[in-house]
Amino acid sequence: MINNMKLKLSNTLSRNKEEFKPIRKEEIGMYCCGPTVYNYAHIGNLRAYIFEDILRRTLEFNRFKVKHIINITDVGHLTSDADSGEDKMVKAIRREGLDFTEESMLKLAKKYTLKFKENFKDLNILEPNIWCKATEHIPEMIKLVEKILENGFAYETSTAIYFDISKFKDYGKLAKLNIEQLEAGARIEPDPEKHNPLDFALWFKAAGKHQNHVMQWDSPWGKGFPGWHIECSAMSMKHLGEQFDIHCGGIDHIPVHHTNEIAQAEAAIGKKWVNYWLHNDFLVMKEGKMAKSKGEFLTLQVLKDKGYNPLSYRYFCLGAHYKTQLTFSFEALDGAESALKRLKENVVSFKENNDSVSNKKIEEEYKKRFLEAINNDLNTPLALAVVWEVVKDKEIGNNEKLKLLCDFDKVLGLGIKTFEKEKVVVSGIIDELLKKRDDARKNKDWSKADKIRDEIKEKGFAIKDTPEGPVLEKI
Ligand code: AMP
Ligand code: ZN
């Protein structure tokens, strides 16, 4: 592969498209905030993981080795992203009518984690090298909180250990919001013991409203449980080292979660933590935001139940740049589904008629343009346009087209290599008609065989007679 096209990525920290320069050439560290497993992921959430998958595949296409981590939040994420409300997991226990026990919590987490991983398979998203669960990293989180306290960036109250944002010079640098703006959003349910409404909990004590929290661990501050933000800082540093390359998530994480992650991590290590912060914009419905809290959200399962191929949703997402807001509609998904189907039909026909006409100049030009597109901040709409130009090219052979498309698919992940003619599952009646036609042919009763062929056609299937026997194709 040509590697003279530099990879450029939009870094939220600088608000610029920057050339990607890894900390260590041998391996890139990439951390993606994962799901809070209190409910199914909605298709908006899945847009985030598709974007991150494209990023990882693009890094690998550029021959970087990637260590990719996704966390599973199974404790500590309150119903607001800040410190108010109750733990989302606790809320889900109530919603599902389970007992308020640790067992229920684990059961719930397991159920939604499995479903989440199924979504990954359906969408052909590569599994991370490590899935890490918050509840399995409590000692690392406690250690990090101790370090932050020791460095003078936190204080203890009767209910929590709070991060003191006034001690951290660049608080809010990621969101580029001024403190007044941030404060305005943090005034709901203020804790009178907080020095500043923006101070956030590193650790909640099992006290006050959290006295009966279902999951509690021993800590130097008595029994309690971690805040949501601390888990990502602790787990990423455990698996990727103190400083690493890339941290991702949706844009909603910029003002609170990632802002707080940076503050606490840099307060602990005393230097810059992550070099590149990448954020995808939202998937919205025509009517506005999808809200899990109100129960109004679309899952991949709903799309599957309606008969859509999950990869059509992936194709739909690739049709927009990750940094633009994308509006979901079933009409738009239909468009993606028929485009993917056409791509499949073309690929299948290239496989069936695998002629070879090589033209290195044209092939190299396609490779260059594809790489330029994805290396320019993951421009997937342009990369798809190159795919279609290859499909329609009249100068190169099908064999060459297949090679190019399979190469591009290392990034796109549409499963091009595995495309094959759809097996037609026929109902009892068609099966019977096929048998009758077969008998008629054996008896050389051609007019009867033709009549049956027409009957089958009326039912929506064409018969192709091949040396291996008749094959049905959907009309
Ligand atoms: P959550 O499970 O809510 O923590 O979200 C998982 C991921 O999905 C995070 O990276 C969020 O920023 C992202 N996300 C949440 N809602 C949307 C949406 N509607 N569109 C795109 N990404 C989203
Ligand atoms: Zn996170």
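Helix α1 gives the largest share of the shell around ligand 1, four residues; helices here are DSSP runs of H or I at least four residues long, strands are E runs of at least two, and both are numbered from the N terminus. The other element that gives two or more residues to this shell, besides α1, is β10 (244-250). The model is a predicted one, where local features need pLDDT of at least 70, side-chain atom pairs count only at pLDDT 80 or more, and totals for chains, interfaces and linings use all residues. Residues are numbered from 1 along each chain as its sequence is written, chains are lettered from A and ligands numbered from 1 in the order written, and side-chain values use heavy atoms, with hydrogens and water left out.

There are 16 residues around ligand 1, and Gly44, Asn45, Gly250, Asp252 and Leu283 come nearest (a residue is near if one of its heavy atoms lies within 4 Å of the molecule). A polar side-chain atom of Asp252 sits 2.4 Å from a ligand 1 oxygen, a backbone N or O atom of Gly250 is 2.9 Å from an oxygen of the ligand, and a polar backbone atom of Gly44 is 3.1 Å from one of its nitrogens. On its own, ligand 1 exposes 490 Å², and the protein buries 94% of that (Shrake-Rupley areas with a 1.4 Å probe; for residues, only the protein chains shown count as cover).

Of its 143 residues, Leu59, Ile148, Phe163, Ile246, Tyr313, Phe328 and Leu343 touch the most other members. Helix α1 (residues 43-61) supplies the largest share, nine residues, and both domain 1 (2-280) and domain 2 (300-418) put in at least three each. A second, separate core has eight residues, including Ile430, Leu434, Ile452 and Leu472. Domain bounds come from an automatic or database assignment, which also gives domain 3 (428-474); the C-alpha centres of domains 1 and 3 lie 60 Å apart.

Ala48 is placed in α1 and counts as buried because its relative accessibility is 11%. Its C-alpha lies 32 Å from that of Glu146, 98 residues away along the chain.

Next come α2 and α3. In α2 (residues 88-95), Lys88, Met89, Val90, Ala92 and Ile93 are buried, and the buried residues of this helix pack against α3 (contact means heavy atoms within 4.5 Å). At the start of α2, a side-chain oxygen of Asp87 comes within 2.8 Å of the backbone nitrogen of Met89; after the helix comes Gly97, with a positive phi near 65°. Ser104, in α3 (residues 102-122), is buried because its relative accessible area is 8%. The Ser104 side chain makes a polar contact of 2.9 Å with that of Thr101, and Ser104 touches Ile93, Leu98 and Asp99, leaving out residues up to four places away in sequence.

Conventions:
A nonpolar core is a set of buried Ala, Val, Leu, Ile, Met, Phe, Trp, Tyr and Cys residues joined through side-chain atoms within 4.5 Å. Buried means under 20% relative accessible area, exposed over 50%, partly exposed in between (1.4 Å probe, protein chains only). A polar contact is a pair of N or O atoms within 3.5 Å; within protein, one must be able to donate a hydrogen and the other to accept it, and residues adjacent in sequence count only if both atoms are side-chain atoms.
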